[in-house]
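Open the model in your viewer and keep the selection panel at hand.

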Amino acid sequence: MADATQDFFRGLAQRGHDRRLTALHEGSVRFDISRDGQVDHWLVSIAKGDITVSEQETGGDAVVQADRAVFDRIASGEAYFLTSVLRGEATVEGSPRLFATVRRLFPPPPASREARRRGRWP
């Protein structure tokens with residue numbers, strides 16, 4: 001069975017560099033993803049577009065907390081990160097600037113992907 005969360009973090013690690021993130025001089029976000037009483041931790045560090053990912057319980061200029069089912073939907077593009085936060089399905093603590101940058105790591109909202117396919121989105 002596919003694991004959207006694991007695949008997401010592996011994909012980030014393999015990406016290595018993302019030109020959309022070059023404006024961020026340096027920062028890190030720890031993702032605390034819970035399931036069945038257990039919490040998995042990933043630390044995503046970004047420095048001028050270079051991305052590194054490690055499994056780490058501490059650190060981070062910002063922290064994202066979510067249930068595994070919610071994060072699986074975000075990681076697979078079924079749900080939008082920002083909408084999930086606004087609904088209270090995920091929480092974010094720390095640097096607002098980093099939060100704004102981190103949301104670029106996730107797939108676009110489902111509606112915008114469909115609009116792009118139809119040629120109605122810039």
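How many bridges join β1 to strand β4, and do the two run parallel or antiparallel? Select β1 (27-35) and β4 (residues 62-67). There are 6 bridges, and the strands run parallel. Strands here are DSSP runs of E with at least two residues; helices are runs of H or I with at least four, and both are numbered from the N terminus. Zoom in on Val-29: its bridge partner in β4 is Ala-62.

This is a predicted model, in which local features need pLDDT of at least 70 and side-chain atom pairs count only at pLDDT 80 or more, while totals for chains, interfaces and linings use all residues. Residues are numbered from 1 along each chain as its sequence is written, and side-chain values use heavy atoms, with hydrogens and water left out.

**The sheet**

Now show the 5 strands together. They form an open sheet with mixed pairing, in the order β3-β2-β1-β4-β5. Two strands pair if DSSP finds at least two bridges between them. Go to the edges: β3 (50-54) and β5 (90-94) each have a single partner strand, so one side of each lacks a neighbour in the sheet. From one strand to the next, the twist averages 20°.

Contact means heavy atoms within 4.5 Å. Axes are lines fitted to C-alpha atoms, for helices over the stretch in contact, with angles from 0 to 180 degrees between N-to-C directions.

**The rings**

Select the aromatic residues next. The structure holds 11 aromatic pairs. Rings of Phe, Tyr and Trp (its six-membered ring) pair with centres within 6.5 Å; planes under 30 degrees apart are stacked, over 60 edge-to-face, the rest tilted. Phe-8 and Phe-71 pair edge-to-face, at 5.7 Å centre to centre and 75° between the planes. Phe-8 sits in α1 and Phe-71 in α2 (residues 68-76), so the pair ties together parts 63 residues apart in sequence. Phe-71 has 0% relative accessibility and counts as buried (under 20% relative accessible area; exposed is over 50%, partly exposed in between; 1.4 Å probe, protein chains only).

Colour the cluster: ring pairs link Phe-8, Phe-9, Phe-31, Trp-42, Phe-71, Phe-81, Phe-99 and Phe-106.

**The last stop**

Find Asp-18, in the loop between α1 (4-15) and β1. Asp-18 is buried, at 7% relative accessibility. Beyond four places in sequence, Asp-18 touches Gly-49 and Ile-51.
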